[in-house]
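This briefing is intended for a reader who is meeting the structure for the first time. Please keep the sequence and the 3D view at hand while reading the points below.

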Amino acid sequence: MKKHRLLLALGTAEKLCVLLRDKQFGGSWNKMLEWIRTDGSHKQRSEDIPRIHRLMKYEKKYGVTLTDTLTEELRAKGL
């Protein structure tokens with residue numbers, strides 16, 4: 001399963017970005033990026049913005065929502 005293999009390749013920071021996007025920004029990458037640009041630290045701007053762009057690109061390219069894939073992974077682990 002392609003989606004499952006992706007999540008195995010995602011690091012903790014990427015998984016946290018997906019969860020944070022959904023909980024704090026209503027599932028919107030754009031709202032999350034806007035917050036980072038205006039209120040985020042230099043480290044967030046330099047590390048998280050490129051990370052978020054990669055995640056956005058993946059979702060668009062494969063027509064998936066990483067939240068759904070992450071949820072499947074957590075269920076498979078019994079969490």
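On one side of helix α3, the residues Asn30, Lys31, Glu34, Thr38 and Asp39 are exposed. The buried residues of α3, which spans residues 29-39, are Trp29, Met32, Leu33 and Ile36. The model described here is a predicted one.

- An α-helix has 3.6 residues a turn, so residues three or four places apart point the same way.
- Asn30 is found in helix α3, and it counts as exposed because its relative accessible area is 52%, where exposed means over 50%.
- Ser28 caps the N-terminal end of α3, with a side-chain oxygen 3.3 Å from the backbone nitrogen of Asn30.

**The overall fold**

- The protein contains five helices and zero strands.
- Along the sequence, these elements follow the pattern α-α-α-α-α.
- The protein has 79 residues, of which 34% count as buried.
- Among contacts between residues at least 6 apart in sequence, 53% join residues at least 24 apart.

**Helix α3 against helix α4**

- Helices α3 and α4 pack at an angle of about 170°, and their axes are 10 Å apart.
- Because angles over 145 degrees count as roughly antiparallel, α3 is roughly antiparallel to α4.
- On the α3 side, the contact is made by Trp29, Asn30, Met32, Leu33, Trp35, Ile36 and Arg37.
- On the α4 side, the contact is made by Gln44, Arg45, Asp48, Ile49, Ile52, His53, Leu55, Met56 and Glu59.
- Sorted by class, the contact of α3 with α4 has nine nonpolar, three polar and four charged residues.
- Asn30 and Met56 are 26 residues apart in sequence, and their C-alpha atoms are 9.5 Å apart in space.

**Helix α2 against helix α4**

- The axes of helix α2 (residues 12-24) and helix α4 (residues 42-62) come within 10 Å and cross at roughly 75°.
- Angles of 65 to 115 degrees count as roughly perpendicular, and α2 and α4 are therefore roughly perpendicular to each other.
- Helix α2 contributes Ala13, Glu14, Cys17, Val18 and Arg21 to the contact, while α4 contributes Arg51, Ile52, Arg54, Leu55 and Glu59.
- By class, the contact of α2 with α4 has five nonpolar, no polar and five charged residues.

- Glu59 is found in helix α4, and it counts as buried because its relative accessibility is 12%, where buried means under 20%.
- The side chain of Glu59 makes a polar contact with the side chain of Trp29, at 2.7 Å.
- Apart from neighbours within four places in sequence, Glu59 is in contact with Arg21, Trp29, Val64, Thr65 and Leu66.
- Glu59 has a place in the contact of α2 with α4, and Glu59 is also listed in the contact of α3 with α4.
- His53 also has its place in helix α4, and it counts as partly exposed because its relative accessibility is 37%.
- When residues up to four places away in sequence are not counted, His53 touches Leu33 and Arg37.
- His53 and Leu33 are 20 residues apart in sequence, and the distance between them in space is 9.1 Å, C-alpha to C-alpha.

**Phe25 in the loop between α2 and α3**

- Phe25 is placed in the loop between α2 and α3.
- Is Phe25 buried or exposed? Phe25 counts as buried because its relative accessibility is 14%.
- Phe25 touches Leu20, Lys31, Met32 and Trp35, with residues up to four places away in sequence not counted.
- Phe25 and Trp35 are ten residues apart along the chain, and their C-alpha atoms are separated by 9.1 Å.

Methods. Residues numbered from 1 in each chain as written. Predicted model: local features only at pLDDT ≥ 70, side-chain atom pairs only at ≥ 80, totals over all residues. Heavy atoms only, no water. Axes fitted to C-alpha atoms, helices over the stretch in contact; angles between N-to-C directions. Helix = DSSP H or I, 4+ residues; strand = E, 2+ residues; numbered from the N terminus. Parallel < 35°, antiparallel > 145°, perpendicular 65-115°, else oblique. Contact = heavy atoms within 4.5 Å. Nonpolar A, V, L, I, M, F, W, Y, C, P; charged D, E, K, R; others polar. Buried < 20%, exposed > 50% of the residue type's maximum accessible area, 1.4 Å probe, protein only. Polar contact = N/O pair within 3.5 Å; in protein donor to acceptor, adjacent residues only side chain to side chain.
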